[in-house]
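Open your viewer and get ready for a short walk through one chain.

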Amino acid sequence: MQLRRGNLFLVGLPGSGKSTLGRQLARRLGKTFVDADHELEQALGVTIATIFEIEGEASFRDREETALAAIVERSDIVLATGGGVVIRPANRARLRDNGTVVYLHAEPLTVFGRVRKSRHRPLLNTPDKLARLEELYRDRDPLYRDVADHVIGHDRHEMARFVDTLEAELQKDTPE
């Protein structure tokens, strides 16, 4: 398995495990881990929730697109994207063109178990988080699948198998 530009980009619903798996992959593959949401917060000096509250989702998506354009120019990174990055066609094209994209597929009920008490996810700050996750899944699952080179389930064992396989393939592809 070849990684375009040495990059691996993780997409999926909020709470699907992108950051957790991304850190593990970066460590095992000797790459730099980048969390897109964290990068954006650092650059702006405020939380994503604050951006949503003050400027709204459209402005946040503009800022996210600008940040992504810069991040994907790097090489040898593992990137945990924000859950909504796939909404914009330009972002999907950037991801596709600059790295190998992996969709961490998780059903809304599974994600709900992970995020039900979270207060730092603006799109999930609703009275019925599960209903909101189901809506996001309906809207985004086709987009995640469209951009993905690989789809893996949220199950720890499936993720571990993917990591092992990727690591072995990359070592095999590395010249002696």
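What radius of gyration would a compact globule with 176 residues have, and what does the chain have? The globule would come near 16 Å, and the chain agrees because its own value is 16 Å (taken over C-alpha atoms, with the rule 2.2 Å times the number of residues to the power 0.38). Before going on, note that this is a predicted model, where local features need pLDDT of at least 70, side-chain atom pairs count only at pLDDT 80 or more, and totals for chains, interfaces and linings use all residues. Residues are numbered from 1 along each chain as its sequence is written, and side-chain values use heavy atoms, leaving out hydrogens and water.

Switch to cartoon view. You will find eight helices and five strands, in the order β-α-β-α-α-α-β-α-β-α-α-β-α from the N terminus (DSSP runs numbered from the N terminus: helices are H or I with at least four residues, strands E with at least two).

Next, select Phe52 and Phe60. They form a tilted aromatic pair, 4.9 Å centre to centre with 40 degrees between the planes (ring centres of Phe, Tyr or the six-membered ring of Trp within 6.5 Å; stacked under 30 degrees, edge-to-face over 60, tilted for the rest). Phe52 counts as buried because its relative accessibility is 15%, and Phe60 does so at 3% (buried is under 20% relative accessible area, exposed over 50%, partly exposed in between, with a 1.4 Å probe and protein chains only).

Finally, select Tyr103 and Tyr144, another tilted pair at 4.9 Å and 35 degrees. Tyr103 sits in strand β4 (residues 100–105) and Tyr144 in helix α7 (residues 129–147), 41 residues apart. Both tyrosines are buried.
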